[in-house]
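Open the model in your viewer, with the sequence alongside. The stops below say what to select and what is there.

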Amino acid sequence: MIKPDLENIAPDNGHSYRCAYFDKHSPNTNKIKWHYHPEVELVYINTGVGKRQVGTHLSNYKDGDLIMIGSYLPCLLYTSDAADE
């Protein structure tokens, strides 16, 4: 079994959160894939389809999905080829 990597979340100076935006023109270049962190993660899928794994749960995501991922819960989201069309 692959162990998740600890992702270091570094908010901008003076903020208690970090906001990131990714699309097919500016993809996530973070090398950590299967990861966890002490912070709660809120993910909104504006446009796209794919699969997500949160803990041991595997499911699909689509446009308009909003999920909250708890502290220290390993997760991974990946986009299918259909989202790039």
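Select Tyr44 to begin: this residue is found in strand β3, where a strand is a DSSP run of E of at least two residues, numbered from the N terminus (helices are runs of H or I of at least four). The model is predicted, so local features need pLDDT of at least 70 and side-chain atom pairs count only at pLDDT 80 or more, while totals for chains, interfaces and linings use all residues. Residues are numbered from 1 along each chain as its sequence is written, and side-chain values use heavy atoms, with hydrogens and water left out.

β3 and β6 pair in the antiparallel sense over 4 bridges; pairing requires at least two DSSP bridges between two strands.

Now select β6 by itself. Ile67 and Ile69 form its covered face, and Leu66 and Met68 its uncovered one.

Which residues make the nonpolar surface patch? Select Val40, Leu42, Tyr44, Leu66 and Met68: together they make a patch of about 580 Å². Patch residues have over 30% relative accessible area and no salt bridge, with nonpolar side chains (Val, Leu, Ile, Met, Phe, Trp, Tyr) joined within 5 Å and like charges within 9 Å. A salt bridge is a side-chain nitrogen of Lys or Arg within 4 Å of a carboxyl oxygen of Asp or Glu. β3 (41-44) and β6 (66-69) each supply at least two residues of the patch.

Finally, show the whole protein. Its secondary structure comes to 0 helices and 7 strands. Of the 85 residues, 22% are buried, meaning under 20% relative accessible area by a 1.4 Å probe, protein chains only (exposed is over 50%, partly exposed in between).

Methods:
Accessible areas come from the Shrake-Rupley method with a 1.4 Å probe; for residues, only the protein chains shown count as cover.
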